[in-house]
Amino acid sequence: MTKDLDNVVIKTVSRILVPFMQVFSLYVFAHGHGSPGGGFQGGCIMAASFILLGVAFNLREIGKRFRERNNALMCVLGVFIYTGTGCLAFL
């Protein structure tokens, strides 16, 4: 009985905590130039949120939430943002 209760508590807390972790990760990433933080720290916080999801739910559940197509689209979008920033700085 306690195992089921632990799973409910862990799943509920992770559902509440993960979005805040990810927003904080983006904040640390964006404000790394003027305060402690940056890409590495923001990436570590983001990775920790995914690890928390993996611990709370099984990996098949995570695979259902994060499709390969969406992951590929985000990678392409990141490359375009990176390239666009470099081109704007060049101009």
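A: Buried means under 20% relative accessible area, exposed means over 50%, and partly exposed lies in between (1.4 Å probe, protein chains only). This is a predicted model, where local features need pLDDT of at least 70, side-chain atom pairs count only at pLDDT 80 or more, and totals for chains, interfaces and linings use all residues. Residues are numbered from 1 along each chain as its sequence is written, and side-chain values use heavy atoms, without hydrogens and water.

Start with Val9. It lies in helix α1; helices are DSSP runs of H or I with at least four residues, numbered from the N terminus. Val9 counts as partly exposed because its relative accessibility is 44%.

Helix α1 covers residues 2–30 and also holds Leu17. Leu17 has 40% relative accessibility, so it too counts as partly exposed. Val9, Val13 and Leu17 make a nonpolar surface patch of about 240 Å². Such a patch joins nonpolar side chains within 5 Å, from residues with over 30% relative accessible area and no salt bridge. A salt bridge puts a Lys or Arg side-chain nitrogen within 4 Å of an Asp or Glu carboxyl oxygen. Areas come from the Shrake-Rupley method with a 1.4 Å probe.

Leu77 is 60 residues from Leu17 along the chain, and their C-alpha atoms are 26 Å apart.

Now turn to Ser49, in helix α2 (residues 39–56). Ser49 counts as buried because its relative accessibility is 0%. Its side chain reaches the backbone oxygen of Met46 at 2.6 Å. Ser49 also touches Val18, Met21 and Gln22, leaving aside residues up to four places away in sequence. Contact here means heavy atoms within 4.5 Å.

Definitions and conventions:
Helix = DSSP H or I, 4+ residues; strand = E, 2+ residues; numbered from the N terminus. Polar contact = N/O pair within 3.5 Å; in protein donor to acceptor, adjacent residues only side chain to side chain. Patch = residues over 30% accessible without salt bridge, like charges linked within 9 Å, V, L, I, M, F, W, Y side chains within 5 Å.
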